[in-house]
Amino acid sequence: MHLFKWFLLFLIFHVFAATPILSSADLNQPFTNFLDDAKNAQVFDWMVKIRRKIHENPELLYEEFETSKLIREELEKLGVPYKHPVAVTGVLGFIGSGNSPFVAIRADMDALPIQEMVEWEHKSKVPGKMHACGHDAHVAMLLGAAKILKEHEKEIQGTVVLVFQPAEEGGAGAKKILEAGALENVTAIFGLHVAPNFPVGEVASRNGPIMAGSGFFEAIITGKGGHAAIPQHSIDPILAASNVIISLQHLVSREADPLESKVVTIAKFQGGGAFNVIPDSVTIGGTFRAFSTESFKQLKQRIEQVIIGQAAVQRCNATVKFFDELSPFYPPTVNDGDLHEHFRKAAGNVLGINKVYDMPQFMGAEDFSFYQEVIPGHFSFLGMGNASSEPFQPLHSPYFKINEDGLPYGAALHASLATSYLLKHQQEVAKVEGKYNDEL
């Protein structure tokens, strides 16, 4: 009897040990060469060529027609079916079985209204426009992931949705993608952003809130213009605006919890055009940011109250606009806990766990947050630092440069996150089905 029990246990052990779908180690086995694929000279040179072509021809939000055309042409060459247009210029590509589960990986396409100051062979050819936030690299890396995934398509257990999104820079393109119903079947979405302050081949992220919610406001403060030599006959809107700006700073320094990060920044002040004339009105504007929706709404309410109230103290009138329809508020970017753990494992497999870091919260904003309000999502930062002695140039700088050596890491990470998620999903389904079979 004891011998039979031991034999039965031995048999059960070998039956389960021979079932590969239940082994987490085996899940990543078919895809361990993604980084090697991405570093292949042919693939790397192809990504660099695409990135440089996009960089030379930057397009602002919802104007990415040529960028969108280039993406579609490359997808067609790869044999990847796509949907277009989505959200004006957006493109959705599909790789895999065409069936569920569906997982999305996203890249934004738009440039910034900045004059490029970097002198190099592939400098922007469009005056006043520049890819100063690395979206040209984002597109190139997602296309690189598409090229790799297409070669492994038969191994993909589900469908990878490639999201080439317009208008991240203030246009809430992600919101329009969702409103178009394009991601209804997607159960998870991953996004990444280049980080010139991290070394190449390293990634950083965190669980929970990683970036702040962001909004813009503009106020017109109206008084009564007149000669600067006789101010008593005028109502000075410049003085009123100055008091408004000082009072707005108190919202953070005296009303906010010191342990809760918030920002109110005035970045626009326009009024008057002569040294001896008090103008009729002054326009100010800026941004406000917080890590929770509740704090964000409270800050918005107080900004309006302070502007109107302080203007009234100086005998001026004020109107406040928040551009809700033109540029919707960006919610806080909040990473899903389970997806963050998945990210750490997948990134560790591709880059090495010693290259995966936790990062502090960052007061920047990302419209990727719109996806996370309706779909579990994860956002991370990919190192693009240059080892040279050149001074560091931040995002949105006219001197910003991309280290193209980082492109293979982004392509491989995109591909790994998507395929390992689908394999994990299949594993979980198999466990559930196995449970019911055991019961039967």
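How many of the ten residues of strand 12 (residues 281-290) are buried? The legends below take up this question and others, using a predicted model.

**View 1. Strand 12 and its burial.** Nine of the ten residues of strand 12 are buried, so the strand is largely enclosed by the rest of the structure. Strand 12 has pairing partners that include strand 8 (residues 213-222) and strand 10 (residues 262-270).

**View 2. The pairing of strand 12 with strands 8 and 10.** Ten bridges link strand 8 to strand 12, and the two run antiparallel. Within this pair, Arg 289 of strand 12 lies opposite Ser 214. Strand 10 is also antiparallel to strand 12, and eight bridges join them. Here Lys 262 has Ala 290 of strand 12 as its bridge partner.

**View 3. The largest pocket and its lining.** This pocket has a volume of about 890 Å³. Its lining is made up of 32 residues, of which Glu 169, Arg 289, Gly 364, Ala 365 and His 396 are the closest to the centre. Arg 289 is also the residue of strand 12 that stands opposite Ser 214. Strand 5 (186-199), strand 8 and strand 12 each contribute at least two residues to the lining. The most comes from strand 5, which gives six residues. Sorted by class, the lining holds 19 nonpolar, nine polar and four charged residues.

**View 4. Helix 5, its length and its end.** Helix 5 covers residues 65-78, which is 14 residues. At 1.5 Å a residue the helix should span 20 Å, and this agrees with its end C-alpha atoms, which are 20 Å apart. After helix 5 comes Gly 79, which has a positive phi, near 80°.

**View 5. The buried residues of helix 5.** Which residues of helix 5 are buried? They are Thr 67, Ser 68, Leu 70, Ile 71, Arg 72, Glu 74, Leu 75 and Leu 78. In an α-helix there are 3.6 residues a turn, so residues three or four places apart point the same way. The elements against which the buried residues of helix 5 pack are helix 4 (41-56), helix 6 (135-151), strand 1 (82-86), strand 2 (90-96) and strand 4 (159-165).

**View 6. Ser 369 in helix 11.** Ser 369 belongs to helix 11 (residues 368-372). Is Ser 369 buried or exposed? Ser 369 counts as buried because its relative accessibility is 1%, and the cut-off for buried is under 20%. Apart from neighbours within four places in sequence, Ser 369 has contacts with Tyr 330, Pro 331, Pro 332 and Thr 333.

Key:
Residues numbered from 1 in each chain as written. Predicted model: local features only at pLDDT ≥ 70, side-chain atom pairs only at ≥ 80, totals over all residues. Heavy atoms only, no water. Helix = DSSP H or I, 4+ residues; strand = E, 2+ residues; numbered from the N terminus. Expected span 1.5 Å × (residues − 1). Buried < 20%, exposed > 50% of the residue type's maximum accessible area, 1.4 Å probe, protein only. Contact = heavy atoms within 4.5 Å. Pairing = 2+ DSSP bridges. 1 Å grid on protein atoms, 1.4 Å probe; cavity = no way out; pocket = protein on both sides within 12 Å on 5 of 7 lines; lining within 4 Å. Points joined across faces, edges and corners; volume = space filled by probe spheres on them. Nonpolar A, V, L, I, M, F, W, Y, C, P; charged D, E, K, R; others polar.
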